[in-house]
Amino acid sequence: MKESFEEAANAARLAKSDVALVRRVSGDVYRRSTFHRARLDRAGLGKRGVKSVDDLGKLPPMRLDDVNAVSNLLLIGKPSKSRRYGAIRWASHEDKPLAYSSQDLGRLAESGAQVLQRAGLRVGDVILDVAGGCSSRDQIQLRSGARKAGFPLVSVPGGTDPEITVAVDASVVAGSADSVTAALDAVARCGRDHRIHTAIVAGDPLEVDTRLATAASLTAVTVVRMWAPPGVLAAWSECRGGKGFHTYPDDELVEIVDDVSGLPVLDGYEGTVLWTGTRWYATALVRLQTSAFGILETKQCADCRRVSPRFVPQTERSSFCDLLDAHEEVAAWAAELHRTFKGDELSIWIAPSEGSSSLSVLTAISARIGSARVHVVDRSEVDAIVEASNGERYGDRRAFASEDSGTVKNDSS
């Protein structure tokens with residue numbers, strides 16, 4: 001019964017993602033963003049070519065650093081004709097500019113309220129914001145979320161006298177890892193009673209200073225992290241005591257792709273995050289290539305029972321190449337990535353180790369890599385392919401047009 005519930009929840013989430021994506025791309029994105037209009041046309045999708053999430057595979061990912069003019073990403077409408085836009089407010093995250101319309105700010109407040117709910121805040125809690133005058137994505141989200149959820153919030157500069165914490169009777173401290181660590185250290189040194197039970201920490205979870213854990217243990221505080229890659233318009237967050245960052249499936253599409261080939265990985269396997277905003281208006285980001293690497297958990301959260309997907313960052317990056325290198329039944333391999341009229345396709349040639357069953361090798365590789373054309377061949381054929389590729393076992397052939405195979409020239413956007 002549990003599995004059927006999770007399957008139904010995931011099916012409903014994907015259906016909503018398809019509907020939101022089609023409306024987003026064929027409506028605002030294509031009509032108002034010159035940058036994305038050119039990308040969609042070059043990929044052969046045009047205005048109405050994206051019918052589902054699967055069609056995004058024909059569209060090459062984009063990076064924030066590849067965009068020369070930020071204005072090409074903006075969807076700016078006339079306030080008199082559309083309530084979705086209105087005034088544009090700018091924020092930043094890790095030096096990346098982000099634009100929010102009036103409706104986007106309301107959505108950011110809703111996501112901020114969800115962060116506080118997941119963190120386990122209760123009626124009567126008071127939040128001490130030690131980020132000072134910072135106007136980053138995370139802080140705007142947290143402060144607007146506190147207003148929407150009805151939690152009192154006091155914002156003070158970092159390094160403020162710990163007596164202020166006691167004076168405002170704060171029960172939650174929020175900010176960057178450094179500012180929260182300093183605040184908890186100061187409270188511990190103060191020696192006075194406090195009622196702080198939660199620290200909400202913004203920032204890359206893989207770079208958080210270990211001093212934070214020490215400070216939290218000295219003050220008996222539970223740490224809840226909020227974070228998302230640069231370019232993502234609302235920070236994800238952990239639930240209290242949980243593992244992984246809950247995402248917002250109603251507002252965004254999170255794809256996990258192989259770190260080398262860029263093709264989708266199977267559920268439960270690690271890869272790089274591609275992000276698409278499906279209900280954000282001011283900044284149009286479609287298939288944003290992020291640097292985040294990890295696993296997207298789609299099963300119901302065991303801690304908070306929510307069914308929203310959770311992103312679990314990984315410290316070590318890997319790809320299908322690393323899998324083939326480590327597989328004991330694979331003696332040699334070669335691979336090529338092609339672009340066809342149906343999208344990108346990965347072809348792999350595998351020579352099994354002596355005594356290994358080609359069927360067992362094929363089954364094991366297919367179960368891990370997913371959509372790929374796998375050929376089990378002799379070692380001599382693999383060696384010939386590698387030699388023809390100047391010693392490279394993996395080659396990206398998408399930039400070469402071939403009338404016989406039906407591939408098309410790749411664009412670099």
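**Close-up views of a predicted model**

**View 1. Arg107 and Trp280.** The charged end of Arg107 sits over the ring of Trp280, 5.9 Å from its centre (a charge sits over a ring if NZ of Lys or CZ of Arg is within 6 Å of the ring centre and within 35 degrees of the ring normal). The structure is a predicted model, in which local features need pLDDT of at least 70 and side-chain atom pairs count only at pLDDT 80 or more, whereas totals for chains, interfaces and linings use all residues. Residues are numbered from 1 along each chain as its sequence is written, and side-chain values use heavy atoms, with hydrogens and water left out.

**View 2. Tyr100 and Trp280.** Rings of Phe, Tyr and Trp (its six-membered ring) pair if their centres lie within 6.5 Å; planes under 30 degrees apart count as stacked, over 60 as edge-to-face and the rest as tilted. By this rule there are seven aromatic pairs. The ring centres of Tyr100 and Trp280 are 6.1 Å apart and their planes lie at 80°, so this pair is edge-to-face. Tyr100 counts as buried at 1% relative accessibility, as does Trp280 at 2% (buried means under 20% relative accessible area, exposed over 50%, partly exposed in between; 1.4 Å probe, protein chains only).

**View 3. Trp227 and Phe245.** These two residues form an edge-to-face aromatic pair, 5.6 Å centre to centre with 65° between the planes. Both Trp227 and Phe245 are buried. Together with Trp236 and Phe311, Trp227 and Phe245 form one aromatic cluster.
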